[in-house]
Amino acid sequence: MPAVQKLLVLYTGGTIGMQASASGLAPASGFEARLRAQQTEQREQVPTWVFRELLPPIDSANMSQANWLAMVAAIRQGIQDGCDGVLVLHGTDTLAYSAAALSFLLLGLPAPVVLTGSMLPAGAENSDAWPNLFGAMQALHDGVVAGVHLYFNGALMHGARVSKLSSDAFDAFQVVPRLRQGERLAELPAHIDFRQSRQAVNLLALPLVPGLRASHLRALLDSGVQGLVLECYGSGTGPSDNAELLDVLREAHGRGVVLAAISQCARGHVEFGVYAAGSQLASAGLISAGGMTREAALGKLFALLGAGLAQDEVERLFSLDLCGERVE
């Protein structure tokens, strides 16, 4: 884990750089000057860095697939320009989603990418902004393995395993223990590495709830959805006595929709064979996400479907561990 010598700081907006406006805190430009001024007061050792701002800076509640692709393009360009590490400054609402998506969009990138943000804006009393930002810089200076990570509240976490668990605590982001086991991808194919271009994908996640009707699911799947993350009960169960609902899933899978199952339980994992109710979902075409989080499952489907892969290839790769999302 060599120390980063030249760091790209990529600012996307978020609470960390927000300033007061007439309607409340809002994303603001000009963060580079604030960061350079603050650096003179810090004790942490940081790499030489260059700054790039994605315009306009956004509240991460407005994060979209287009924003992810813009980040990937900026990161690729930074590496081409000689940077050997990247720090992404990002809002917290969708920080875990972006960390997961970038984990799969940047497979094979020969440099570490660390995302961070803050619960309070830089400059606010008792803010966590500067500790998070300079803590991440210090980690990169000391050496971080290639791949995507999230740094928050003093912890460096795997980008495809982390979730936001609190709306206000400084330790809002954590890696929740989930059973991770399975087969690792033997060799990264070129058609899914960081050089592969992607396009927008019609994706959605849907939790199973008592009372979900086949008509509800049909309306969703008939809207052009290319991939659906179905948040199942427990170890991957659902309403197995609802033949119409199962038929809707089966029909969607038959026309090419990728259906992935995750567990709603914070510490859960999908294991279809445990209950007959789970086996019914598997027979309808669902593939198991194992112990993956919602964020990881969505990000992985986006990276695979966005590369234009066929349904069977998406399902094959989804079932394998690509970067540590399925296997410890």
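Let's start inside the fold: in helix 3, the residues Leu95, Ala96, Ser98, Ala99, Ala100, Ala101, Leu102, Ser103, Phe104 and Leu105 are buried. This is a predicted model, and its protein chain holds nine helices and 14 strands. With a radius of gyration of 20 Å, close to the 20 Å that the globule rule gives for 328 residues, the chain is as compact as a globular protein of that length.

**A closer look at helix 3**

- What do the buried residues of helix 3 pack against? Their partners include two helices, helix 2 (65–80) and helix 8 (294–306).
- Strands are partners of these buried residues too: strand 6 (112–116), strand 7 (147–152), strand 9 (162–164) and strand 10 (173–175).
- Here is a handy idea to keep in mind: an α-helix has 3.6 residues a turn, so residues three or four places apart point the same way.

**The whole chain**

- If you follow the C-alpha trace along its principal axes, the protein chain spans about 65 × 45 × 30 Å.
- Of the 328 residues in the chain, 55% are buried.
- Take the contacts with a separation of 6 or more: 76% of them are between residues 24 or more positions apart.

**Cysteines**

- How many disulfides are there in the model? The count is zero.
- Cysteine 265 is in no disulfide, and its nearest cysteine sulfur belongs to cysteine 232, 11 Å away. A disulfide would need the two sulfur atoms to be within 2.5 Å.
- Is cysteine 83 buried or exposed? Its relative accessible area is 6%, so cysteine 83 is buried.
- Cysteine 265, at 37% relative accessibility, counts as partly exposed.

**Glycine 24**

- You can find glycine 24 in strand 3, which runs over residues 24–26.
- Glycine 24 has a relative accessibility of 29%, so it counts as partly exposed.
- From C-alpha to C-alpha, glycine 24 and leucine 309 are 43 Å apart in space, and they are 285 residues apart in sequence.

Note on methods: Residues are numbered from 1 along each chain as its sequence is written. This is a predicted model: local features need pLDDT of at least 70, side-chain atom pairs count only at pLDDT 80 or more; totals for chains, interfaces and linings use all residues. Side-chain values use heavy atoms; hydrogens and water are left out. Helices (H or I, at least four residues) and strands (E, at least two) are DSSP runs, numbered from the N terminus. The radius of gyration is taken over C-alpha atoms; the globule rule is 2.2 Å times the number of residues to the power 0.38. Buried means under 20% relative accessible area, exposed over 50%, partly exposed in between (1.4 Å probe, protein chains only). Contact means heavy atoms within 4.5 Å.
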